[in-house]
Amino acid sequence: MTTTQPIVVIENVEKRFGALVVLKDVSLTVKRGETICIIGPSGSGKSTLLRCINALAPIDKGQITVDGIAVNDPALDKLALRRRVGVVFQQYNLFPHKTALQNIMMAPVQVLKEDKVEVEARARRLLAKVKLSEKADVYPGELSGGQQQRVAIARSLAMNPKVMLFDEVTAALDPETKKEVLHTIRELATEGMTCVLVTHEMGFAREVADHIYFTDGGVIVEHGPPAEFFARAKEERTRAFLEQVL
Amino acid sequence: MQPVAEFFRWLADAHGINLTIFYDSVDRSRFLTGLFTTIWLSIVCIFLSILIGLTGALIQGAHSPIPRAAVRSFVQFFRNTPPLVQLAFFYFAVSALLPMVTDRHGVKVPLIDNVGWAIISFSLFAGAFNVEIFRSGIEAVPKSTIEAAEALGYTRVKAYLYIIMPLAFRVCLPALGNNLVNLVKTTTLAYAIGVPELLYAAAQIWSEVLNVREMMWVLLFTYIIIVAVLVFVMHRWERALRIPGYSA
Amino acid sequence: MRTLSGTTDLPVLLPRRMPSATEWGAADGARFFGSRTWLFLLLAMSALSVAAQASDAPARAGIVETVWKWMPLISSGFLFNLLVSAASMVLGTALGVLLGLGQISLHPSVRKASWTLTQFFRNAPWLVLLFFAMFLLPFELRIGGLVIPLPAWLKAIIGLSLPVMGNVAEIVRGGIRSIPTGQWESAESLAFSRMQILWQIIIPQAVKRMIPPWMNLYAILTMATTLISVVGIQDAMTLTRGALVAEARTDLYLPLYFMLLLMFFAYCYPIARLTLMLERRFAVNA
């Protein structure tokens, strides 16, 4: 599925919170259809990087392009960017006052002004895809964490994005429900969706990723295809980290 | 109506419990007019105070510090000064600054009459509380929920409309209900500037019929019933808006 | 009137939440003296004074001078308002504590009666309760051979203490109920009697939570003391009106009433800040 065409290009990005530098000279390329995993200790800037990709956090230096859109352009069309980039958060962040189905339908109807009937059909297909058809009319508060997270994935997919960003989406889940969510992501990846995952699931990363990036202290320390990365890490910091988590 | 009137007439003659509002048509219509004025005044002020509260809460979310500080001062000032003095301030002082107008009988009258000032004064008073109530409701919506909306392409206005407001409103409802109950109780102050609301009507009746004791009880129970109805409606509303599995 | 912030199952005003613990500290002094609020009020006042002056150009005596002249008299009236507020608060709190404890009594009839009284006095308008006391209390009380005269000011204090009583009862009940049942159970298992549990374990914990809403109630009461002017007792409000009648100048209405508002603000706003600070401190410690 992977082509050579890049869809997300990150060049020499720097991001500061006050005096604190969270991202330092970060460069990274994601090709269409590719799945990449960003790993690293907490506080290494992984989540910030994801948030920069869809302009939830502005960058201070460098350049990010997503499907030809310059994210750091002051005249950025945010809607155009966000149609292309779907985000799934660690805490699901479903809208608690709407049912699962309504959560999926909301943005396409209210933001993209699409036809309600069409959107509903699509939303039901997506619910079936994440295996939650029977939960269509249930409110988020009545769903388990894993179920909520799968609804959140379906909600992002309803915008027909070209890239999906996953920000530690299984970190808040217990092992049983974790599996369901990872299964959904694996399916998406094999179908050819471009996925960028920030994750602590090393086994999963090794299995689904085309490329692994290791970040620490705001810089990309090392990257490579999973087989090589996990077997023969070159950097001392990477080896120390892998030793700790594996 | 006839047997009821007969009963109360008998009650007055036999036991001295004189409830003229049940058998004297003049007093009855006075009382009902007062009741109607209180209810009408309450509804208008509830509506306006909610409007003021929403506007204030929206301004408090603004980026510029000057309108924020202005709203804050308004809120603090109206919360921490007596509503009766506020009413006098508007009715006597501010009113004196406004031009007089000629009514259709050719008489010069103030631009805003006592009912108008009562509405303005009570709406601002309750509105100041509503600003705080709505603001705390908006603050109770998690930042991450707003971020999720942003990530789905919602603009600021749309996120407010479809996600923040519906959630914040549910959080606000109990406090809002309580403030509205207080607003209804505050409408009695309009008595001081001669607005013919319930208390005023009752006072008129008891000063003529000299049935202070009876009218006082009628008055207390009428207010308790109005408040009870409002509380009941607010509770029903809260229940209707309750989301399964979600506690605000 | 205003509502109480506190923990009850009845609809009450939400405490204004800003739960950051780190904020509590050095910044409190600055917060207490209230930043831009005062500045804005001064600006508003000068703007209004200018407007007032403009509306009556050939001012006889200067407005500031005249306001200054009446200041001592109105201040004395304001002091009377404060006295009334203190007396009503003491009386209302004493009665309210009894009523509040009555609501957790083991006797269902006591409990029900206390609840009904609480709801009645909480939900009736303050002004109506004041009228109630002014008109329906006798001019003197005879207890045995003892005759206690009830002058109007004393009736007014009683009248204002009635809603205070209802609200204090609710604060007490809410405060006691906010202590987890585990405290009752563990104390019971240590063979404390009910009275001992209540006074030695529950109430000392609950008092902390009752103080902020109680202070808030005091501020409300202070503002409500102006209602006594409606039933003919001389207070700051009555004296302000008297001063205006004596001067017979429309350009004085605005500054004099504004000054009266400011007097109350100067007294009640610090109480509100202090309440908020205590609320936060207790929330942090809890």
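This tour moves from the chains as a whole to selected helices and salt bridges.

**Before starting.** The model is predicted, so local features need pLDDT of at least 70 and side-chain atom pairs count only at pLDDT 80 or more, whereas totals for chains, interfaces and linings use all residues. Residues are numbered from 1 along each chain as its sequence is written, chains are lettered from A and ligands numbered from 1 in the order in which they are written, and side-chain values use heavy atoms, with hydrogens and water left out.

**Stop 1: the chains.** Colour the structure by chain. Contact means heavy atoms within 4.5 Å. Of the two pairs of chains in contact, chains B and C share the most contacts. Chain A and chain C do not touch, and their nearest C-alpha atoms lie 19 Å apart.

**Stop 2: chains B and C.** Select both chains. Chain C contributes 52 residues to the contact and chain B contributes 54 residues. Together they bury about 5100 Å², with 75% of it on carbon and sulfur atoms; buried area is the accessible area (1.4 Å probe) that two parts lose on being put together, summed over both. Between chain C and chain B the count is zero salt bridges, a salt bridge being a side-chain nitrogen of Lys or Arg within 4 Å of a carboxyl oxygen of Asp or Glu.

**Stop 3: chains A and B.** Now select chain A with chain B. Here 24 residues of chain A meet 20 residues of chain B. The buried area is about 2000 Å², and carbon and sulfur atoms give 64% of that area. The count between chain A and chain B is two salt bridges. Zoom in on A:Arg82 and B:Glu150, whose side chains form a salt bridge (3.7 Å, N to O).

**Stop 4: within chain A.** Side chains of opposite charge can pair when their charged atoms come close. Show A:Arg150 and A:Glu180, which meet in a salt bridge (2.7 Å, N to O). A:Arg150 lies in helix H5 (residues 145-157) of chain A and A:Glu180 in helix H6 (residues 175-190) of chain A, so the pair ties together parts that are 30 residues apart in sequence. Helices (H or I, at least four residues) are DSSP runs, numbered from the N terminus.

**Stop 5: two helices of chain B.** Select residues 25-60 (H2) and 65-79 (H3) of chain B; their axes come within 8 Å and cross at roughly 140 degrees. Axes are lines fitted to C-alpha atoms, for helices over the stretch in contact, and angles run from 0 to 180 degrees between N-to-C directions. H2(B) and H3(B) are therefore oblique to each other; angles under 35 degrees count as roughly parallel, over 145 as roughly antiparallel, 65 to 115 as roughly perpendicular and the rest as oblique. On the H2(B) side, the contact is made by B:Ile52, B:Gly56, B:Ile59 and B:Gln60, and the H3(B) residues include B:Pro67 and B:Phe74.

**Stop 6: two helices of chain C.** Finish with H4 (residues 108-123) and H6 (residues 152-177) of chain C, which pack at an angle of about 125 degrees with their axes 7 Å apart. H4(C) and H6(C) are therefore oblique to each other. From H4(C), C:Thr118, C:Gln119, C:Phe121 and C:Arg122 meet H6(C) residues, among them C:Leu162 and C:Glu170.
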